[in-house]
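Here is my note on the model, point by point. Please read it beside the coordinates.

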Amino acid sequence: MSELTAETTGSDTVQGPGPGDFSRSELFDRTFQEGMELVEDTAAYLDGDGRRDSKLLSRSAALAYAAESMKLTTRLMQVASWLLIQRAVREGDMGPEAAGEARYRLAERRIEAAPSHAELPIALVEYLVRSEKLYDRVLYLDQRMYGDGVSAAAPNPVQSQIDRLAAAFTA
């Protein structure tokens, strides 16, 4: 497991040796709260105003609404699951190593240019955008905590030369 270095995310700094430290941070608390509130707000919209809005749409727009709402709920459930895993790490119910297993990790999402239909209600589009931003932020944290962000970086050519020189002089 890689060690987290000081990393700035907005106005917050993530530091520490790993996921256990992150799960005890103020950044985690705020991210957890934001994620759970977005899940609740989205569910309330889809069960209330969203249901009413979808009945006013044309047939093709209603099909697009159904598809987009499925993507939205799937994305939010993935984020909520990841956040709950991190909370389990904080509470000692799960070890950081177990939380780093592939089955608990977030996958890269496919970036879509725009919603699938121009007639979609603006509220649904706003929830889609908010969920995408939250997913991307949580994916970034996941990759930083479990090493993907570090290993995906291109090798540093200067460091490679320094390592080769050091190896030559120590051999």
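1. Which side chain does Gln-143 join through a polar contact of 2.6 Å? The partner is Glu-108. A polar contact is a pair of N or O atoms within 3.5 Å; within protein, one must be able to donate a hydrogen and the other to accept it, and residues adjacent in sequence count only if both atoms are side-chain atoms. Gln-143 sits in helix H6. Gln-143 is buried, at 18% relative accessible area (buried: under 20%, 1.4 Å probe, protein chains only).

2. On provenance: this is a predicted model, with local features needing pLDDT of at least 70 and side-chain atom pairs pLDDT 80 or more, while totals for chains, interfaces and linings use all residues. Residues are numbered from 1 along each chain as its sequence is written, and side-chain values use heavy atoms, without hydrogens or water.

3. The largest nonpolar core has 37 residues (buried Ala, Val, Leu, Ile, Met, Phe, Trp, Tyr and Cys joined through side-chain atoms within 4.5 Å). Phe-22, Tyr-65, Leu-72, Trp-82, Leu-83 and Leu-124 touch the most other members. Helices H2 (26–47), H4 (59–90) and H6 (122–146) each give two or more residues to this core. H4 gives the most, twelve. Helices are DSSP runs (H or I, at least four residues), numbered from the N terminus.

4. Trp-82 deserves a look. Beyond its neighbours within four places in sequence, its contacts (heavy atoms within 4.5 Å) include Phe-22, Tyr-104, Val-138 and Tyr-146.

5. H4 has 32 residues and reaches 47 Å from first C-alpha to last, close to the expected 46 Å (1.5 Å times one less than its number of residues). Gly-92 follows H4, with a positive phi near 80 degrees.

Terms used:
Buried < 20%, exposed > 50% of the residue type's maximum accessible area, 1.4 Å probe, protein only.
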